[in-house]
Amino acid sequence: MTTDRPASYKGLFPVAPTPFHDNGDIDLEGQRRVLDCMIDQGVDGICLLANYSEQFLLTDEERRILTEDSLSHVAGRVPVMVTCSHFSTRIAAERAAHAREHGAALLMMMPPYHGAGVLRVDEQAIYDHFAQVQDAAQIPIMVQDAPLSGVHLSVPFLVRLATELPLVRYFKIEVPGTAAKLRALIAAGGDFIEGPFDGEEAITLMADLDAGATGVMSSALLPDLIRPVIAHHAAGDRDKAAAAYQRILPLINYENRQCGLRAAKIVMAEGGVIGSDAVRHPLEPVHPATREGLLELAREVQPLALNWGK
């Protein structure tokens, strides 16, 4: 297994939505436009096939096509992270190897779970799961610590992963009390915690930056407006960071609490990035009033996605 330390990743790694035509078919041309828009948003990297990409509604063949086409289209302009989560270690490892073969820079994985944690495995099995995927992929791995899995990942266990598995270097923390967990993880793991990231649409971004987060995994709705928050905070000007964050927080809150993964699609459809904001059944579109509420807030702050394709 390769143990050389590749480049370190930080900053903005938003999740790319998967656009569909109104009939539910994947819109590959729309996907390429999404990626181009995200690069124009000034992102440091892009994450594919995450939960906000509706990965749980895609067939294996669709995943393969999206992985290969997206990596080919980005063509190294920014690093691309591919999500390869699966309960089966074998399938997760195969997904990881496929992503690496086609140019992924790093991977994201949830711990193995089924039925919101109803079907559980112990910590040693989770450890072995990540170890086998690491060996198959040979590129860095981000552990996604999210309530969706129903799996509790303790700070000592995450530190064990970081210290014993040389390519498990990144951690997306999006649990209640994210800032406290990030702070504890960084204190316990030190330099082994190379990439402490937050997620959940950056709804707790300021607290997480204060706790030591060096990366942010938002949606593709407004990364260009999140960037100044990160830049001011990194420069030591917390007041400017807080002011920039206060300006966009109503939109982030509306996305997180009212629209979820639909929000980026709605704004991108309104902005001519994609032709449709369709989601796949059994998901349903938001109520028209909710859609207009999102767009009202977006018009106030003017994210790039709202006008990119016009």
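This is a predicted model: local features need pLDDT of at least 70, side-chain atom pairs count only at pLDDT 80 or more; totals for chains, interfaces and linings use all residues.
Although Gln 138 is not a glycine, its phi is positive, at about 60°. A positive phi also occurs at Gln 302, where the value is about 55° and the residue is again not a glycine. Gln 302 belongs to the segment after α11 and, with 39% relative accessibility, counts as partly exposed.

Most residues other than glycine have a negative phi, and most peptide bonds are trans. Pro 282 is located in the loop between α10 and α11.

## Packing of α3 and α4

Two packed helices are described by the angle between their axes and the distance between the axes. For helix α3 (residues 89–101) and helix α4 (residues 123–137), the axes come within 8 Å and cross at roughly 30°. Angles under 35 degrees count as roughly parallel, and α3 and α4 are therefore roughly parallel to each other. Their crossing is right-handed.

On the α3 side, the contact is made by Thr 89, Ala 92, Ala 93, Ala 96, Ala 97 and Arg 100. These residues meet His 129, Gln 132, Val 133, Ala 136 and Ala 137 in α4. By class, the residues of this contact comprise 7 nonpolar, 3 polar and 1 charged. Ala 97, found in helix α3, is buried, with a relative accessible area of 14%.

## Packing of α10 and α11

Helix α10 (residues 262–270) and helix α11 (residues 288–301) have axes that come within 10 Å and cross at roughly 65°. Since angles of 65 to 115 degrees count as roughly perpendicular, α10 and α11 are described as roughly perpendicular to each other. The crossing of α10 with α11 is right-handed.

The α10 residues in this contact are Ala 263, Ile 266, Val 267 and Glu 270. Their partners in α11 are Arg 291, Leu 294, Leu 295, Ala 298 and Arg 299. The contact of α10 with α11 divides into 6 nonpolar residues, no polar residues and 3 charged residues.

## Cysteines

The structure holds 0 disulfides. For Cys 37, the closest cysteine sulfur is that of Cys 47, at 17 Å, which is too far for a bond. A disulfide requires the two sulfur atoms to be within 2.5 Å. Cys 37 counts as buried, at 0% relative accessibility.

Cys 84 is likewise in no disulfide, and its nearest cysteine sulfur, in Cys 47, is 10 Å away. Cys 84 is buried, with a relative accessible area of 0%. Between Cys 84 and Ala 97 there is a separation of 13 residues in sequence and of 9.4 Å in space, C-alpha to C-alpha.

Lys 172 lies in strand β6 (residues 168–173). Its relative accessibility is 5%, and the residue counts as buried because that value is under 20%.

Neighbours within four places in sequence left aside, Lys 172 is in contact with Met 108, Met 142, Val 143, Gln 144, Asp 145, Phe 197, Asp 198, Gly 199 and Met 217.

Technical notes
Residues are numbered from 1 along each chain as its sequence is written. Side-chain values use heavy atoms; hydrogens and water are left out. Axes are lines fitted to C-alpha atoms, for helices over the stretch in contact, and angles run from 0 to 180 degrees between N-to-C directions. Helices (H or I, at least four residues) and strands (E, at least two) are DSSP runs, numbered from the N terminus. Angles under 35 degrees count as roughly parallel, over 145 as roughly antiparallel, 65 to 115 as roughly perpendicular and the rest as oblique. A crossing is left-handed if the near helix is turned anticlockwise from the far one by less than a right angle, and right-handed if clockwise. Contact means heavy atoms within 4.5 Å. Ala, Val, Leu, Ile, Met, Phe, Trp, Tyr, Cys and Pro count as nonpolar, Asp, Glu, Lys and Arg as charged, and the others, Gly among them, as polar. Buried means under 20% relative accessible area, exposed over 50%, partly exposed in between (1.4 Å probe, protein chains only).
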